[in-house]
Amino acid sequence: MALGDTDHELLYPIPSPAALEPPAQWAELRQGCPVAHVRLPSGDRASLLTRYDDVKQVLSDPRFTRNLDAPDAARIAANESGGVFNSGLGNALPEEHHQQWRRMVGKWFTAKRMTALRPGIEAMAERLVDGMVASGAPADLKAALGFPLPVWVICDMLGVPESDRDRFAYWSNTLLSLTRYTQAEIDAAQAEFAGYMSAHIAATRAEPGDDLISELIAAAAGAGHVMPDEALLATSQGLLVAGHETTANMIGKMVGMLLADRTRWDALVADPSLVRTAVEEALRADANPGFGIPRYITEDVEVGGAVVPRGTTVVCNLAAANRDEDAFADAAGMDLARTPNAHLAFGAGAHSCLGQSLARTELQAVLDVLLRRLPTLELAVPAAELERVDGLVVGGLRELPVRW
Amino acid sequence: MKVSVDEDKCCGAGSCVLAAPDVFDQRDEDGVVVLLDPEPAGHLHAAVREAADVCPAAAITLAVTLGERT
């Protein structure tokens, strides 16, 4: 009997000993039990994948669907609806429509557009760093910089005014809850967000601007049809829940990892041209990215040398896969110049993160600005005292106390 | 080295453009990959290999021509 066998069921997510470190069980599972039986917060069962090759294979195989509302699919969260993964808006578009939608939205995320957005994002980061410096050290870098920056960027993309950024931050937080908010709070946030966005969409139809909503409306009109409100609402919510908390937490974790071992920060101060590869390495080394990616299969499929039966919900643990020694040399360490770095932090396949170029741009911009403005930045507490946030789909640090 | 891309598989992540901007671009209208140079010069090979390695959709295929080092 071993870890993850049928008779030795693991509770998932597996708790971690330290905020920036992975649980020891990941290595054991990769080695001895690549398809492990786990029990989710809802009480339902699933199969956990931890190897790089297996995770990449499953995410790239359309037979592993996102139909987590199938009657026998595992529910993820403890609350009544199952949380964001099981909600109507989180549901799968049919594959052919998914590609259409993705390509329509995709024009907003090209590398060229990101290059154009970069100065604006750096200016926002500068402004937030100014605020942090004005309040004095020590400061919580997560609250002062990491959390606001992505919501500012998304609000800009959606054409939402600056004065409503705080409300967006609250909705985003609530919609991603696994256990922290009650079902009533989640439903209320969902309704408020939908109400706000419906009014915003109506206003945008009447008076288009230079934002993603206006662009989607115009693109549909150009093709001779009307973009339904529901599609715009789903897209907006998708951007918010996918693009806010994830990037916000990644800013905190990235800076935390780089400061936890000062030689890393010093190497970047000495050679800022490492920023691009350092961001990728922080994404790979992130031991706390959150729940992982669930998939549901309707036929028997072989994974990692075993047959996974139809009706199984599998959970792809991206962070465990990213620390697979068979895929990355010195996987447990950080190599700020690692090239190539084909990590799975953004998933893989047709559904890999739509906003990955935006996330990369934000992370690079933040790091550039911090290295330039606060080269003496350091942790204000020992790294071992950093704490994780629990109860969210997306993992992060509770706060990142720093001084300079 | 011969490079080919599969537009159907492409998910528009843009990582190839970041890795090898002389060889890859994206269409403005939907972000799908555009191959600028199917037979890139030797000094670009490392960047092109990186682009192929990090493509999340495995949409880039490299064929090494006879006599070329891999």
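Colleague: What share of the 404 residues of chain A count as buried?
Modeller: Keep in mind that we're looking at a predicted model here. A residue goes down as buried if 20 or more other C-beta atoms lie within 10 Å of its own. Across the 404 residues of chain A, the share that counts as buried is 49%.

Colleague: And how does the radius of gyration of chain A sit with the globule rule?
Modeller: Start with what's in there: chain A has 15 helices and 13 strands. For 404 residues the globule rule gives 22 Å, and chain A is close to that, so it is as compact as a globular protein of that length. Its C-alpha atoms fill a box of roughly 55 × 55 × 40 Å along the principal axes. The radius of gyration itself is 21 Å.

Colleague: Among contacts in chain A between residues at least 6 apart in sequence, what percentage join residues at least 24 apart?
Modeller: Contacts here mean C-beta atoms within 7 Å. Take the pairs in chain A that are at least 6 apart in sequence, then keep those at least 24 apart, and you get 72%.

Colleague: Let's zoom in on A:S236. Is A:S236 buried or exposed?
Modeller: A:S236 is found in helix α10 of chain A, residues 229-243. Beyond its neighbours within four places in sequence, A:S236 touches A:L158 and A:M197. The cut-off for burial is 20 or more other C-beta atoms within 10 Å. A:S236 has 25 of them, so it is buried.

Colleague: How far is the C-alpha atom of A:S236 from that of A:S135?
Modeller: Along the chain, A:S236 and A:S135 are 101 residues apart.

Colleague: Which elements do the buried residues of α2(A) pack against?
Modeller: Helix α2 of chain A covers residues 52-60, and its buried residues are A:Y52, A:D54, A:V55, A:K56, A:V58 and A:L59. In chain A, those residues pack against β3 (45-49), β4 (64-65), β6 (293-297), β7 (301-303), β9 (313-316) and α14 (318-322).

Colleague: Over to chain B. In what order do the elements of chain B run from the N terminus?
Modeller: Chain B has 2 helices and 4 strands. Its 70 residues have a radius of gyration of 11 Å, which agrees with a compact globule. The C-alpha trace spans about 40 × 20 × 15 Å along its principal axes. From the N terminus on, the order is β-α-β-β-α-β.

Colleague: Which element gives the most to the side of chain B that touches chain A?
Modeller: The contact takes 18 residues from chain B and 22 residues from chain A. On the chain B side, α1 (15-19) and α2 (45-54) each supply at least two residues. The element that gives the most, with 3 residues, is α2(B).

How values were computed:
Residues are numbered from 1 along each chain as its sequence is written. Chains are lettered from A and ligands numbered from 1 in the order in which they are written. This is a predicted model: local features need pLDDT of at least 70, side-chain atom pairs count only at pLDDT 80 or more; totals for chains, interfaces and linings use all residues. The radius of gyration is taken over C-alpha atoms; the globule rule is 2.2 Å times the number of residues to the power 0.38. Two residues are in contact if their C-beta atoms, placed from the backbone, lie within 7 Å. A residue is buried if 20 or more other C-beta atoms lie within 10 Å of its own, exposed if 12 or fewer, and partly exposed in between; C-beta atoms are placed from the backbone.
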